Every structure is written in structure tokens, then in C-alpha cells.
Amino acid sequence: MSGKTKTLRVRKTTVNALINYAMVIVVFAATQILIGQGAISNTIQSMLVPVCCYVVMAVSLNLTVGILGELSLGHAGFMSLGAFSGIIAATLLQDAVPAAPLRLAIAMVVGGVFGGVGGVIIGLPVLRLRGDYLAIVTLAFGEIIKNVIQVLYIGLDENGLHFATKEANLALSETGKAILKGPMGATGVAKLASFTAGFLLILITLFVVQNLVDSRAGRAILSLRDNRIAAESVGISVTKYKLMAFVISAVLAGAAGALYGLNYSSTVASKFDFNTSILVLVYVVLGGLGSIRGSIIAAAVLTLLPELLRNGAINDYRMLIYAIILILVMLVTNNPTLRGGVDMAVKRIRGIGKKEQTEGGAQ
Amino acid sequence: MKKFLAMLMAAAMVFGAAACSSGNNTGNNGGNAGNDGGSGDAGNDGAIVIRIGGIGPRTGDTAMYGLATERGAQIAVDEINALGGDIQLEYRFEDDTGVAETAVSAYNTLKDWDVDVIYGCTTTAPCVSVAAETYADRYFQLTPSASSTDVTADKDNVFQMCFTDPGQGVTAADYVAENGLATKVGVIYNNGDAYSTGIAQGFIAHAPEVGLEVVTEQTFPDDSNTDFTVQLTACRDAGAELVFMPIYYTPAALILNQAKNQLNYSPLFFGGDGMDGILGVVDESLAKGLMLLTPFNASSTEEATANFVAKYEADYGETPNQFAADGYDCVYAIYQALQQIDNLAEIAAMDPAERHTALCDALVSVFTSPDFSFSGITGSGMTWGTNGEVTKDPMVVVVEGGAYVTQ
């Protein structure tokens with residue numbers, strides 16, 4: 001291993017990671033300045049927190065799908081666990097922790113922990129499967145989480161938390177309050193989420209995922225994706241590294257879920273269904289499997305797009321146009337001619353910028 | 001290469017169209033703003049323009065309900081504007097796809113449009129989220145069909161045109177008991193749906209108080225469920241004489257069919273207002289004898305109702321259901337309340353940012369005042385309490401000869 005090539009390679013991944021941080025920070029700063037000047041509409045402002053949540057969801061799912069190489073269709077299930085545990089935590093701490101940002105941070109940590117626990121419980125049996133089978137089982141687990149939450153009633157009074165499968169069985173005292181009411185979901189949630197919290201969560205997510213990929217464990221995970229048999233033959237523990245990637249992904253999804261749940265006054269379990277899992281997967285696939293930056297951009301653009309299409313004459317066709325754009329993006333990104341053209345353009349631009357670098361470094 | 005070019009062209013056209021439309025819209029907005037300025041000066045044509053912003057699902061699983069509320073309100077707006085009175089309404093309806101997240105951004109889109117009054121949402125979960133926002137921002141909100149008590153709880157600015165879910169369950173239990181329809185009742189409901197669960201729980205909690213025995217509670221998880229023989233068999237085995245099913249009409253149609261054709265089980269079937277629409281999807285023979293609680297009977301011969309039904313059928317080619325009727329009534333209730341505000345011209349002349357707050361306070365005080373009563377096509381003499389819930393007489397209809405017959 002020559003020292004020179006090593007420093008070059010490390011520098012490239014570091015630069016890539018730094019570009020991602022810089023991109024997020026610049027967008028955040030620009031948005032804050034524009035909000036300060038009143039240049040951003042209410043619609044966009046109301047989308048900022050969900051955009052942050054979906055960005056974190058996409059980046060964390062990319063860890064499972066793009067970097068670990070296993071197809072998971074139950075990512076919304078972890079978001080759901082995080083959302084409801086986060087809401088319950090925030091409600092419990094209403095009096096104990098008066099500072100809203102701190103309460104939000106604790107709720108997000110709780111959400112992450114519950115997401116992670118869910119990830120371990122699901123990951124241990126499921127990650128022994130591969131390919132389509134894994135996809136089917138994760139899908140089923142996502143639906144199980146949704147259905148369990150739909151029959152769960154959780155209430156709070158001075159005696160602590162009450163759990164039941166019917167509202168009448170909660171047996172709350174006079175001052176008690178039902179937090180989660182089965183299919184009615186959690187209602188009357190105090191709105192704690194903020195764009196700043198979402199921004200910090202994205203930075204944390206980037207830090208965790210990018211450093212993981214760049215670590216010894218990350219290389220083991222990548223090797224599992226590229227050739228499982230070869231990786232096993234050199235002594236890499238398949239279960240350990242698969243579980244590591246899967247659980248980290250679930251923790252981040254749980255934290256994003258807590259942020260999401262605390263951004264709305266009501267949250268229902270049916271929101272986190274199969275469709276949401278697929279939506280996040282669409283962000284990952286369109287952004288490019290394994291590409292963190294692609295996931296961020298795709299999640300942000302595709303979350304904002306249906307709202308930006310609420311304009312004038314096209315309002316009636318906005319879901320149709322949204323679908324057409326999705327198809328076009330998919331076709332364009334998979335078109336070899338166009339990709340060749342884009343690659344060439346990128347190379348040329350890079351060539352101008354980094355003339356002193358070798359061709360190998362620019363690839 | 002040709003293919004590639006074609007694709008580029010297609011992409012350019014799509015984005016071009018998008019750009020054009022957004023350009024148009026800003027133009028429209030500018031024009032509207034101009035109108036508003038004009039409306040403030042009584043010198044223009046004297047009319048006060050109030051902007052009503054509707055929210056509901058136009059796409060997604062619940063689109064049929066959202067579209068009905070959108071269209072019902074549209075008819076009312078057109079009628080009011082055709083009257084040419086002092087108050088003219090501008091109406092815009094935004095899609096929420098039945099999801100809280102989208103509903104909140106739809107609401108914010110309406111805020112960007114300088115909306116004065118919020119009409120909606122159609123479904124419960126989005127409505128709870130939007131209600132929290134309107135409460136914080138001080139907009140008056142009237143929902144046609146979001147029936148959970150959570151919608152209005154602790155919010156002085158949110159009002160309902162429909163019965164609350166538990167209220168409907170209680171009314172149904174009272175009706176069954178008072179008319180001696182049955183003593184042993186089976187309940188089938190969708191436990192994945194807030195509306196259905198809310199009514200069922202209200203019914204089950206109230207039933208023992210009026211001497212009804214709930215012999216079995218059967219649930220299904222989703223409206224896309226297709227096999228109900230398990231639930232029906234359980235009701236039959238428990239000896240239910242009446243099956244209460246507070247569910248939407250799509251699964252209800254299957255239940256009626258399977259009870260008759262597969263199990264030969266024919267109890268009385270009793271539904272809630274979500275059952276409205278059943279006549280469009282089942283045979284006359286299956287629906288015969290079905291009872292439902294609904295505020296609206298499209299086959300009524302009353303003049304106002306017949307007039308509305310005729311207009312709706314002419315415009316949209318289908319018979320309106322109770323969602324459309326609720327929407328129609330919402331707009332008229334808002335209009336009637338607006339007419340009773342003394343300083344409306346003064347409020348209308350305010351800056352948009354202050355106007356909605358002043359209008360909200362004025363409308364709330366009109367709606368909650370004891371002498372405000374509204375009569376529409378979903379009931380007469382409706383009044384509202386400070387909790388936002390409507391008080392009106394419930395109506396039970398029985399299906400006979402392919403039409404509703406009011407009891």
C-alpha cells in the first residue's frame with residue numbers, strides 16, 4: 001500500500017463528505033436569511049421540517065439499500081416507531097422539561113432508541129434472508145408495526161402510562177389524557193419541531209453515515225455488498241455488519257420520525273404505511289444507490305415538487321405531472337447516452353478546475 | 001440519439017408548461033390583490049370580497065369525499081355570487097390527499113393566497129392538524145365532515161357541520177332502542193379508521209344504558225378488505241338481530257352481498273352517514289330495508305334540496321351525497337354569518353394579515369351567539385355551541401324501492 005495513493009483516496013472521500021456538509025449548511029443559511037427577509041412563502045416554510053425528515057429517511061435508507069445492498073421495504077415502520085415513541089416522550093416530559101428544544105432533543109433520542117430496538121428485533125431474524133425474501137419480510141414487518149399501533153391505546157395520568165387495546169379499558173383518572181388512540185392516532189400534540197432541529201439532524205445523520213462508510217466497519221459492509229462469499233472467506237462476520245448497518249439506519253429513521261411526529265398536531269399510524277416506505281425508496285433510487293448527496297437532493301426536490309405544482313392551471317394535474325416527472329427522471333438517469341454525455345461534461349468541468357490533478361484522481 | 005432528443009423535448013415541454021403556469025398564477029394573484037384593494041373602497045361596486053379557502057382530498061383513497069365537498073361548496077359559491085349581493089365570495093380548493101402533512105401545506109398555500117376563511121378539511125386526521133394551525137394563526141374554520149371530537153377540542157375557532165363520531169353512535173343507539181328495532185346487536189367496524197372506530201365506540205359505550213346488548217364486536221383493518229364472512233358468521237352465531245356497521249359504503253356493499261348470498265343471514269342492517277352512496281353500488285334488492293343515519297336525503301322533494309340535487313347532477317353528472325350537501329351548507333352558513341357582522345366593511349378594508357384575525361373573532365361570536373341559527377339542506381335550525389359542535393336533529397332513512405325514505 002503506497003502512502004501516496006492512500007492520501008489521495010482519503011482526500012477524495014473527505015472532500016465529498018465536506019461538500020455534502022457545505023451544501024446542507026449553505027442551503028440552511030440561505031433559507032434562514034430568506035425567511036428573515038420574508039421572501040419565502042408560507043407553503044415552503046411549512047415544508048421545511050418534512051423535507052428535513054425525508055432527507056434523513058432517504059440518507060438512512062441509502063445505508064441499507066445502497067451501501068449494505070439489501071432491499072428494505074419497511075423503513076416507514078421505524079419512522080412510525082420513532083414518531084409515536086417521540087410523541088409519548090415529549091408528552092411525558094411536558095412538565096419536567098419546560099425548554100422546548102431540549103424536550104425535542106430528548107424525544108428524538110427516544111425515537112432513535114425505539115427505532116433502533118425495532119431494528120434489532122426485526123434485523124436479527126430477517127437479515128438471514130437475502131434479496132427478494134428480505135424485501136418481502138421487511139415489508140411485512142412495516143405493516144405489522146402499523147397494525148399494532150392502530151390497535152394500541154396509550155393514556156397518561158398521575159399514576160403513569162396506561163396501555164390497552166380499547167379506549168374504554170384505559171381506565172384513566174379524571175385528569176388523565178389519552179395520548180395515542182388507536183386508529184385516531186396521536187392528537188393534540190404540542191408542536192415542537194423546528195427547521196433548525198431538522199438541519200442539525202441532517203448534519204448528525206451525514207456525520208454518522210459518512211464516517212461509518214469511511215471506517216473499517218464501513219469497508220466490511222461494502223465488501224458484503226460487493227461479494228458476500230469473498231467477504232465471509234476473509235473472516236468478516238455477515239450478521240454483525242449487516243445488523244450494524246440496518247440498526248444504524250433504523251435509529252436515524254426513528255429520530256426522523258420523532259421530528260416528523262412533533263411537527264404536526266395529529267399523527268396517524270396509517271401515514272407510515274407501505275406507500276411511505278416506497279416513497280423513501282424512490283428518493284434513494286432516483287438519487288442514485290449509494291450516493292448520499294443524490295439522496296439528499298432527490299428527497300428535498302421530490303418532497304417540494306408536488307407543493308410547487310399547486311399553481312394555477314396545472315393544479316388539477318399536479319399528481320399526474322409529478323408522476324410524469326418521476327418517470328422522466330428515472331428514464332433520463334438510466335439512459336446510457338445521456339449518462340455518457342453528463343459524465344463527459346462533468347469530466348470536462350473537473351478537468352478545467354483540477355488541471356494539475358491526474359486523470360485517475362478526477363474520476 | 002433521436003430518442004434522446006425526443007426525451008429532452010418532452011422534458012423541456014413539461015418544465016415549460018410548469019413555468020408558464022406559475023407565471024400565470026402570479027399574474028392572477030396580482031389581479032386578485034387588486035380586486036381586494038378595490039373592495040376596501042366602497043366606491044368600486046360596493047361589494048365586499050371574502051376569500052374562502054377549501055381543503056380536502058382530490059386525489060388518493062378518499063378523493064370521492066373530498067371532491068364531493070369541493071363541488072357542493074362550489075355550487076353554493078356560484079349561487080351566492082349570482083345573487084349579486086354586497087358580499088361576493090372567492091373560492092379556492094386545495095388538495096390534501098387525505099394526509100395531515102399535505103393538508104398543512106395546502107393550508108399554507110391558501111395563506112399565501114391571503115385567504116379569509118378556511119372551509120375544511122374533509123377527513124379527520126388532516127383536519128386535526130390544520131385546526132391546530134388555524135387556532136394558532138387565528139383563522140375561522142368550518143369543516144363539512146371531519147367528525148372527530150379532536151377536531152374542535154380546545155379550539156374556539158373551529159366548527160363542524162356534521163355530527164361528532166361518538167355523538168352519532170349515541171344517536172344510533174337511542175334510535176334503535178326507542179323504536180324497539182332489536183335488543184341483541186352486533187357491531188362491525190373498521191378499526192383502522194378514526195371515523196368508524198369513533199362511532200362504534202360511542203355506540204358500544206351507550207348501548208347498555210338504553211337496554212341494548214352488544215353481543216359481538218367485529219373489526220376489520222382496512223377499507224380494502226374484501227371478505228367479511230368471518231365477521232358476519234360471528235354476528236349470526238351470537239344471535240345478533242341487528243348489525244350496526246358505522247363504515248363507508250364500499251365495504252358495506254360487500255357485507256350486504258356476502259350476508260345474503262353466502263350466509264343467507266338477514267338481520268337488520270344499520271349504518272352511519274358514511275353509508276351514504278350505497279345505492280350507487282349495490283342492487284336494490286340487497287339494500288332493501290337498510291337503515292342509515294344521514295343528514296341528507298338526495299331524493300327529498302323539498303325545494304332547496306331538489307334544486308341543489310338538480311344543479312349538482314347537471315354540473316357533475318352524479319347524485320350528490322351528504323358530503324356535497326354538507327359542503328353546500330357550510331358555505332351558506334358562512335355567508336349567513338358574514339351578513340350578520342355589523343362592521344364587515346371595516347374588516348374587509350383591513351390589511352390581509354389583520355383581516356383574517358378580525359374576521360375570525362367576528363365569525364366566532366356570530367356562530368356562538370344564542371340567536372344564530374342556520375337552516376340548510378342537511379338540517380334546519382342548526383346551532384353551534386362554544387365547543388364548535390353542531391346541534392341539529394338526526395335523521396334516519398330506510399332504503400325502499402331504491403331510494404331513501406325518511407323515517
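Student: Which side chains meet Glu101(B) in a salt bridge?

Tutor: A salt bridge is a side-chain nitrogen of Lys or Arg within 4 Å of a carboxyl oxygen of Asp or Glu; here the side chain of Lys271(A) meets that of Glu101(B), at 3.4 Å from N to O. This is a predicted model, in which local features need pLDDT of at least 70 and side-chain atom pairs count only at pLDDT 80 or more, while totals for chains, interfaces and linings use all residues. Residues are numbered from 1 along each chain as its sequence is written, chains are lettered from A in the order in which they are written, and side-chain values use heavy atoms, leaving out hydrogens and water.

Student: How many salt bridges does the rule find across the interface of chain A and chain B?

Tutor: The rule finds seven across that interface.

Student: How many residues of each chain are in contact?

Tutor: Contact means heavy atoms within 4.5 Å, and by that rule 43 residues of chain A touch 42 residues of chain B.

Student: What area is buried between chain A and chain B?

Tutor: Buried area is the accessible area (1.4 Å probe) that two parts lose on being put together, summed over both; between chain A and chain B it is about 3,400 Å², with 55% given by carbon and sulfur atoms. Asn42(A), Met184(A) and Arg310(A) supply 16% of the area that chain A buries against chain B, more than any other three residues.
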